[in-house]
Amino acid sequence: MKSISKYILLLCVCLLSCKKNNEGEAIYFGGSILTMEDALPEAEALVVKNGKIIFVGTKDKASEFVGKSTRQINLEGKTLLPGFIDAHGHITSRAGMEQAIDLSPSPYGTVNSIPDLQDVLKNAINKNKMLPTSPLLGNGYDDAIMTEHRHPNREELDAVSTTNPIIVVHASGHASVVNSAMLKLLNIPEDVKDPDGGHYGRDYKTNRLNGKLEENASFAALIRLTEMMPKPQPSADGLSQSLKDFITAQDEWLSYGQTTICDGRSMGNSVELLKEAAEKNLLKADIVYFPDFEANRKEWKSFLPHYMKYEKRLKFGGFKFSDDGSPQGKTAWLTEPYLIPPEGESSGYKGYPIFTDETLYADLKTIFDRHITAQLHVNGDAAIDQALRIIGRLKDEGVYKPELRATLIHVQNSRPDHIAKIKAIGVIPSYFSSHVYLWGDWHYNSVFGPKRAAFISPAKSAKEAGIIFTIHHDSPVTPPDLLTGVYSAVNRITRSGMVLGPNERIKVIDALKAITINAAYQYQEENEKGSLKEGKLADLVILDQNPLTINPINLRDIRVVETIKEGKTVFKKN
C-alpha cells in the first residue's frame, strides 16, 4: 500500500508538472481564425507560448493549455490570421524618403496636377524657411494620375526656384526630374552622355536637357546627392535621423500587419543602416534584404556568410537584379511598342533593357553556382523573356536549381506563353497586383492597350498552372498596403470602375495565401512562418473584418487592429 501511495503521489506531481509545462502564455478565441492550412482552414482557438504556436484547434481542447497566468484574449468577432509577409518592398528607400516632400496623387495624396506639385514645393520652401541654396527633395509625383499626363520639366521646377536645387522622384522610383540648380549642383553638363541602363531626357526641339532622369541616370543622381548632403549628428538618445526615419518606416509596415519585411534593392548606405538598426536591437519584425548585385559588385562575397540566417532579425536573402524599368513610367522593356510613347519618343518606342544577356548570364551564374538565390525586377515582356531565357539556360547547364526559388518581381507585362515557361524553369512570380486598381486605366488607355493590359498580374493563370505566386506592394511606390493588393487581385477593378481582365480574378483565400504561406515559401521559411500551425512562430495579425465573409468589393475597407510578432504586440490600433 505504501508503494502504491508513492506511485499515485508521483503521478499527480507529474501530471501537475506537465500541466504547468504546457500552460500557454496566451489563448486567442471568440472570432474567426484563418490558418492558411488546407488540413484545418479555420480554428476556434490558438495558444501561444515562448513566441511559438503550441496549439490550433477547438476551444475545448485549447482549454487544456490554460493556466492561472494564461492571458485569455477574446477576439470579439474579429479575425486572426498569420502575420502578412512583405514579398517585395523597399523599407530603406521608404525611410530615406521620410524627410522628402510628399507629392503623391489621390488616393494617398493631393498632387493631381503640375500646378499642385509646384504649389506644394513652394509651400515647403516657405514653411520650412529654407535657405536660398538648400536642396529640395520631393517624392511620389505620378504622371499617370496628374491631369496633364506628363512629367514636369526643368522649366516648371525652375519656376518654383532658380536657386534651390530641386529633384522630384516619380512614383515608380524609376525616374526623377531636376531643375537647373540641381543640374549644376550635381555637375551634369548639357552634353552629358546616357549611362548604361539609363537616359537623360531632352527637349526634342532644342536637344537641351529637360530635367528628366531615367533609371541609372536617376539612381546615380540620388546617390550623388545623398553623398553630398551633410550627415546629421545623433541626438541625445544616440539615434541618428536616418535611424529615426527607419523606425518610422518600420512602424508603418507593422501598422499594415506585416511581421516580415523586405528591403528589395539595398544599395548606397542601406545595408549599413539595416545592420546598425539590428545591432541596436531596433528591429521589431524580421527583415530580409537583397543587395543590388551591380551596386555591391566589389564586395558581393562579403554577404555570403550571412545567407539565409537571421542575425538579430536581419537576414541576407539573396541578390537583386533590376532588368528594366517601370510600365507606368514607360521605361519598362517591351517586345511591342507602347500604345502612346513618352513625349519625344517615336511610335516604335519599346523602352530599354538594363543588362545585356551576357552580363545577366555571367552575374546569375556567379551567384547560382554558390547556391545563392535572386530577385529579378522584370516589368516588360522583353525583360521577362530575357530572365526566362537566361535562367532557363542556366538550368539546362545544371547551374540553376528550382529549390533556389529565384523570384520574378512584378511580371506586369506578362504574356500567356510565359506561364508554362515559368512553371518549367521553376521560378516564382511575385505580382504587383495593386497596379490593376491604381494604374489599370493608364495601362488600358496609354501604356499597353486593352489586350495587353487585361493580362497584367495574371494570378489566375499562374494558379491554374500550379505555380506558387506571391503578391507585393513595392513600397514606397505605394504605401506598404498588402490588402489593396488582395483587393485588386480578387476584383481587378480600376479607379474608373472598369473590370480589367476578369478571367484573371482569383479567390480571396488564394490572394491571402499569396501574402502569407506562399510568401514564406518564397523566402524558404514555410516551416517557420506563413500559416497558423503548431510549432510555427506566433507571427499574427488581427483584422476588424473577415476577408472570406465580407463582400469582396469591400476588401480595401478592412483595417489592421493588431500586429503580433512572436507573441508580442508590435502594433495596436488606438
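Guide: Lys421 counts as partly exposed, at 38% relative accessibility; buried means under 20% relative accessible area, exposed over 50%, and partly exposed in between, with a 1.4 Å probe and protein chains only. The model is a predicted one, in which local features need pLDDT of at least 70 and side-chain atom pairs count only at pLDDT 80 or more, while totals for chains, interfaces and linings use all residues. Residues are numbered from 1 along each chain as its sequence is written, and side-chain values use heavy atoms, with hydrogens and water left out.

The side chain of Lys421 forms a salt bridge with that of Asp417, at 3.3 Å from N to O; a salt bridge is a side-chain nitrogen of Lys or Arg within 4 Å of a carboxyl oxygen of Asp or Glu. Asp417 is partly exposed as well, with a relative accessible area of 33%. Both residues belong to helix H12 (residues 416–425), where they are four residues apart, about one turn of the helix. Helices (H or I, at least four residues) and strands (E, at least two) are DSSP runs, numbered from the N terminus.

Another salt bridge joins the side chains of Asp357 and Arg389, at 2.8 Å from N to O. Asp357 lies in helix H10 and Arg389 in helix H11 (residues 381–396), so this pair ties together parts that are 32 residues apart in sequence. Asp357 is partly exposed at 23% relative accessible area, and Arg389 is partly exposed at 40%.

Helix H10 (residues 357–368) is also part of a right-handed β-α-β unit with strands E16 and E17; right-handed means that, with the strands pointing away from the viewer, the path from the first strand over the helix to the second runs clockwise. Strands E16 and E17 (residues 374–378) pair in the parallel sense over four bridges, where pairing requires that DSSP find at least two bridges between two strands. Phe319 has Ala374 of E17 as its bridge partner. In E16 (residues 319–322), both faces are covered: Phe319 and Phe321 on one side, and Lys320 and Ser322 on the other, are all buried.

A further salt bridge links Lys78 and Glu76, at 3.9 Å from N to O. Here Lys78 is partly exposed at 21% relative accessible area, whereas Glu76 is exposed at 64%.

The whole structure holds 32 salt bridges. Asp286, Arg313, Lys315, Glu525, Lys529, Asp539, Lys565 and Glu566 are linked in a network of such contacts.
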